[in-house]
Amino acid sequence: MRVRAGRALSRMIWGRSLLTAGLQCCRCRVSCHVNRHYGFLPDDVKSLKAVVNPDISKIRNIGIMAHIDAGKTTTTERMLYYSGYTRALGDVDDGDTVTDFMAQERERGITIQSAAVTFDWKTHRINLIDTPGHVDFTLEVERALRVLDGAVAVFDASAGVEAQTLTVWRQAQKHLVPCVCFLNKMDKPAANLSFSIESIRHKLKANPVVLQIPVGSGKNFSGVVDLLTGRKLTWTLRSTRDDGQVFESKPLDQSDEPELLHEVAEARAALIEQVADLDDEFAELLLTDFGDNFDAVSSVKLQAAVRRVTLARKGVPVLCGSSLRNKGVQPLLDAVIAYLPAPNERHHDLVRWYQDDLCALAFKVLHDKQRGPLVFLRIYSGTLKPQTAVHNINRNSVERVSRLLVPFADQHVEIPSMTAGNIALTVGLKQTVTGDTIVSSKASAAAAARRAQEDGVAGEMRAKRATVILSGVEVPEPVFFCTIEPPTMAKQADLENALNCLQREDPSLKVRVDPDSGQTILCGMGELHIEIIHDRIRREYGIETYLGPLQVAYRESILHNASTTDTLDRAVGERRHVATVELAVTPLDISATGGACEVAFAETLGAHLSPEMKQAVENGVHSSYHHGPLLGYPLLGIATLIQSVHMEPGTSSAMVSACVSRCMLKALRLAGGRVLEPVMSLEVTVGEERLGSVLGDLAQRRGTVRDIQSRHDNKVLLATVPLAEMMGYSTILRTLTSGNATFSLELDTYEAMNQQDQNMLLKRVAGLL
């Protein structure tokens, strides 16, 4: 009865809000927990346009990124609460947060998939994506940052920059995303502002622009001083149930502690000097108007300069607080609005080329049992409406958007339209996958291509379709694989359907069928990744599958240069196909090339072959790269030079490809094979008294120690270790350190195995061990 009453109350609130906003036509799905309801649309909203499509300058598309357990989801939860989106504070430990809505996320207390939520803060619309911190789900961060305009990097103030912080920061830099830093957990005894700032400066190679300094430390942390305005913001929490909604803001005066006043004066002078070094306009203002007294510069002028520095990615504003203790989150929301860019401040050529026509990027797919595939779109130009046909350039297909929704984690609101700069959730796009470009029609894409050609920006490629396609997401190669089997053959079709849906949701999950055994192979980014997929198949699709033992995704390369010639002579009916190919293979430095395999044509040959035959030759080479000569693992770090191709008139391109594949196999055997194994970058944080045990265990795992650093009372061990030696490491480490250690793993590179280990692997694969 209590649950029903809660749901009835929620529906009443929804009905009143929707009527007030003029959204009587909208339908929505509400699932409500006891004592918790959601207020998506405030009562004072009078205009449909204000709710659905705010002015583009008032939109902020941001992501929350960090190392695991730095407090991303807790910070997101506070943002939603203070903005009025939720009526109660959720907690990761209690399993009732908005963005961690999957059963596995609530059980484990970690974020597994990115979740989008939309809310308003001080007349601005914020589209926020909470991203995972675990390395196994790094693709979720990648595809979120691909479509976002800004990001909030959350740090544990006692740990500073950690292993996964480096990874997500590199991803943000790759997509040129301006960032704001939030030093969380300032209430911890080991929290240290100076230490965190130095780690940002040295490890991330960034310019931290400190905008706040903490008031108090450890358990006595009570607030912050805003260096721009000189105001002291304090949260006086009288009980553990105090939500931090109300805080005191007052200017610093002589009644405050002399040490704090001195620290603030020094920090503000350093801030003004640093911003002047990074922004010429502000430096000129100081010299012309405030030459005698830099302290007299107004907070408005200083804030505008910090914004320019942030948008130019010359510096990163740094704020501090404690999300769990409900301190410092409101100023962080203000900083998101003040310093991170609006969509129209991010310069995308395609926006200019498409003008008012629709151009959007699909960056995430979810499967809903009732609605089918739900596709997240970032709209770059034009307007999207339901019940309209759209063109998918990548698939060359036309699909119809049946419904259009605003994303609210696992709850959504249907809307009549969505304009540029927003993130939308669509129903009805059954063929669209992550990375596809959606436009209004073929004609609009052709018109955009003409404008791109006239613009002259795209160079030689300007007349081609690729110029008007948004770049997708780079999917990392999986490093673990195992077999997966249904409980009975009758469930095989259901399992294949589940795997197809999960692959569409998660491009980093690969599924293939072994040609020899006929077994289905599941390939993922780590032990946790495959474990989560296995659990989702059981929970969401009701199939009790069996997993084989985890295997490492080895690769192969060659030892020496080799060249060879091969001829294929076959008669098909009355037609004779004859092709002769000469080629050479060369090993590449994997550390320099990233392991890529290359194909090139001799200078005279490239002009001689037709485009169709060149494509046939490349197909033959690339097919050989999938199966190495030793154990059939994919090849890495090989350059192939096609020296000559001769064929009789009438020889098909398929026969040319087959001849190239045979010639490649001969060359690879002549070059000699070697097995490459994935080597991981390992970071272990452990107390000094347990360091010896961890080092001894690491030596048995063929690990190499790179560095041992001090972090307060702990030691941080940096090492590289083969992935094959890290199976079940979390359990071993917990035993060695009595649970008082944390670690993170990230793929570093592929390295050649020594001969002894390679021989052992060959024997194991052959069944001799």
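In this predicted model, the chain contains 22 helices and 35 strands. Of its 769 residues, 53% count as buried, and the accessible surface of the chain comes to about 34400 Å², of which 50% belongs to carbon and sulfur atoms. When contacts between residues at least 6 apart in sequence are considered, 73% of them join residues at least 24 apart.

One part of the chain that can be followed in detail is an open sheet of four strands, arranged in the order β28-β29-β31-β30 with mixed pairing. The edge strands, each of which pairs on one side only, are β28 and β30, and from one strand to the next the twist averages 25 degrees. Within this sheet, β29 and β31 pair in the antiparallel sense over nine bridges, and valine 585 stands opposite threonine 640 in β31. Helix α19 packs on the sheet, where it touches β28, β29 and β31, and its direction makes about 145 degrees with that of β28.

| Element | Residues |
|---|---|
| β28 | 562–572 |
| β29 | 575–587 |
| β30 | 598–601 |
| β31 | 638–647 |
| α19 | 653–671 |

After α21 comes serine 738, whose phi is positive, near 55 degrees.

How values were computed: Residues are numbered from 1 along each chain as its sequence is written. This is a predicted model: local features need pLDDT of at least 70, side-chain atom pairs count only at pLDDT 80 or more; totals for chains, interfaces and linings use all residues. Side-chain values use heavy atoms; hydrogens and water are left out. Helices (H or I, at least four residues) and strands (E, at least two) are DSSP runs, numbered from the N terminus. Buried means under 20% relative accessible area, exposed over 50%, partly exposed in between (1.4 Å probe, protein chains only). Contact means heavy atoms within 4.5 Å. Accessible areas come from the Shrake-Rupley method with a 1.4 Å probe; for residues, only the protein chains shown count as cover. Two strands pair if DSSP finds at least two bridges between them. Axes are lines fitted to C-alpha atoms, for helices over the stretch in contact, and angles run from 0 to 180 degrees between N-to-C directions.
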